[in-house]
Amino acid sequence: MQEFNVSTKVYFGEGALERLRRVEDKRVLIVTDRFMNQLGVPERVASFLTRCTVSVFDGVVPDPPIEVVTAGVEAFRDCGAQAVVAVGGGSTIDAAKAIREVAKKVLDVDTDKMECFAVPTTSGTGSEVTDYAVITDRERGLKYPLSSRALRPMVAILDPELTVSAPPSVTADAGMDVLTHALEAYVSTGYNDFSDAMCEKAVSLVFRFLPLAVADGNDLLAREKMHNASCMAGLAFNSAGLGVNHGMAHAIGGKLHIAHGRINAMLLPKVLAFNADLATVHKGEYCVAARKYQRMAKVLDLPAPNVRLGVTNLIHEAEKLNRKIGIPATLKAQGADLDKVKEMKEELVAAALADATTATNPRPVEAAHVEKILAEIMG
Ligand SMILES: NC(=O)c1ccc[n+]([C@@H]2O[C@H](COP(=O)([O-])OP(=O)(O)OC[C@H]3O[C@@H](n4cnc5c(N)ncnc54)[C@H](O)[C@@H]3O)[C@@H](O)[C@H]2O)c1
Ligand SMILES: [Fe+2]
């Protein structure tokens with residue numbers, strides 16, 4: 001038996017923030033980061049919470065460490081929060097999820113029934129509908145994907161206007177996270193008809209609208225479509241799981257501090273080739289992942305008369321998109337310290353293999369595979 005559970009209520013499109021007007025007589029904690037606060041975004045969100053007392057915690061930083069969660073729990077306690085509204089990128093939404101969970105344990109408050117809203121300002125992680133929160137252990141340079149149904153936000157508000165201020169590089173990186181979620185969930189060991197439908201739509205939307213959103217941040221249609229794609233890909237991987245692309249991205253991102261979407265994007269063409277495994281034919285057939293990539297190529301109207309061409313064209317299309325939106329192809333081009341990468345190779349490989357997301361990769365992953373993919377993106 002499998003489950004596809006869409007319990008988060010999703011409000012989308014221009015004006016979606018209006019949903020917040022329904023929150024009444026509550027002490028609300030807005031969780032955000034300093035930059036969003038300087039842009040006046042929490043203020044704008046608070047203007048819809050007219051019948052509430054609002055406090056703002058703006059201590060989130062990208063790839064939030066445990067210390068941010070601890071400080072957020074203090075803010076939660078100080079204002080006696082009765083509802084939490086996360087306003088920011090995946091880092092903020094993840095931090096807010098963890099803050100609620102820790103508050104439940106250490107402050108002994110029943111956060112399970114408490115209203116919690118996720119208001120994404122990037123179109124990337126899909127965290128507004130997932131059971132995951134990625135927290136970083138800075139000392140050990142490790143990223144932990146926490147996973148629990150209790151982490152899932154009750155309400156997601158996808159207002160494209162909030163993403164307009166995201167600069168091209170943030171838009172590009174986050175957008176490639178969406179593509180990676182959808183392409184990993186499409187072939188993961190947990191894929192199903194429901195997640196496949198979400199993946200096919202999300203992938204089509206990304207290829208069409210991500211270049212437009214990067215080229216012109218004020219293109220509201222492109223922003224809206226990317227926001228929807230991000231949420232759909234989140235619903236897909238929440239049901240189906242991810243794979244070694246994310247396992248390696250967490251390992252490398254934790255050590256080298258490369259934006260999550262960017263490292264995913266660099267790995268993606270290599271992981272597609274690894275999963276398709278075109279060198280292996282069993283009883284006259286390529287593996288399921290290769291055949292599904294061919295199907296995805298057809299969805300995208302790419303030439304795919306056979307599996308090999310379908311896979312090859314899908315990989316080329318992902319590489320082309322990376323180039324178009326300014327994502328470097330290698331760690332060297334990204335400016336990473338390659339000597340450091342070589343030094344940390346064993347640790348990186350071990351962390352990627354141990355990452356929970358690697359477990360649902362369609363092709364069983366061994367240390368030698370991770371080493372090879374790592375070598376391929378080094379440059
Ligand atoms: N929970 C999940 O299911 C899940 C899935 C994938 C990734 N993640 C995690 O999410 C994090 C990445 O999130 P992200 O890609 O959304 O980036 P982010 O939240 O780290 O934000 C990146 C930067 O963009 C800025 N920013 C965000 N929105 C902006 C806007 N509208 N205008 C201007 N600047 C803006 C932020 O201030 C920040 O400096 C990583 O830690 C990653 O591991 C979580
Ligand atoms: Fe991701």
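**The ligand shell and its setting**

Modeller: Ligand 1 lies between domain 1 (9-163) and domain 2 (168-378), because both domains give residues to the shell around it; the domain bounds come from an automatic or database domain assignment. The model is predicted, so local features need pLDDT of at least 70 and side-chain atom pairs count only at pLDDT 80 or more, whereas totals for chains, interfaces and linings use all residues. Residues are numbered from 1 along each chain as its sequence is written, while chains are lettered from A and ligands numbered from 1 in the order in which they are written.

The shell around ligand 1 holds 31 residues, the closest being G89, G90, S91, S127 and S165; a residue belongs to it if its C-beta atom, placed from the backbone, lies within 6 Å of the ligand. Two or more residues each come from α1 (34-38), α4 (90-106), β6 (132-137), α5 (168-187) and α9 (260-276). These elements are DSSP runs numbered from the N terminus, helices being H or I of at least four residues and strands E of at least two. The largest share, four residues, is that of α4. By class, the shell has 16 polar, ten nonpolar and five charged residues. Here Ala, Val, Leu, Ile, Met, Phe, Trp, Tyr, Cys and Pro count as nonpolar, Asp, Glu, Lys and Arg as charged, and the others, Gly among them, as polar.

The centres of the two domains, taken over C-alpha atoms, are 27 Å apart. Their contact takes 26 residues from domain 1 and 27 residues from domain 2, two residues being in contact if their C-beta atoms, placed from the backbone, lie within 7 Å. On the domain 1 side, β1 (9-12), β7 (142-147) and β8 (155-158) each supply at least two residues, and β7 gives the most, with four. That side has eight nonpolar, 13 polar and five charged residues.

A residue is buried if 20 or more other C-beta atoms, placed from the backbone, lie within 10 Å of its own. In α11 the buried residues are V307, G310, V311, T312, L314, A318, L321 and N322. Helix α11 (residues 307-324) has 18 residues and spans 26 Å from its first C-alpha to its last, close to the 26 Å expected at 1.5 Å a residue; that expectation is 1.5 Å times one less than the number of residues. Just after α11, G326 takes a positive phi of about 80 degrees.

Within α10 sits A290, which is buried because 26 other C-beta atoms lie within 10 Å. Leaving aside residues up to four places away in sequence, A290 touches V307 and V311 as well as A276, D277 and L278. Between A290 and D277 there are 7.2 Å, C-alpha to C-alpha, although they are 13 residues apart in sequence.

For the whole chain, there are 15 helices and eight strands. Its radius of gyration is 20 Å, close to the 21 Å of the globule rule for 379 residues, so the chain is as compact as a globular protein of that length; the radius is taken over C-alpha atoms, and the rule is 2.2 Å times the number of residues to the power 0.38. Buried residues make up 53% of the 379.

Conventions:
A residue is buried if 20 or more other C-beta atoms lie within 10 Å of its own, exposed if 12 or fewer, and partly exposed in between; C-beta atoms are placed from the backbone.
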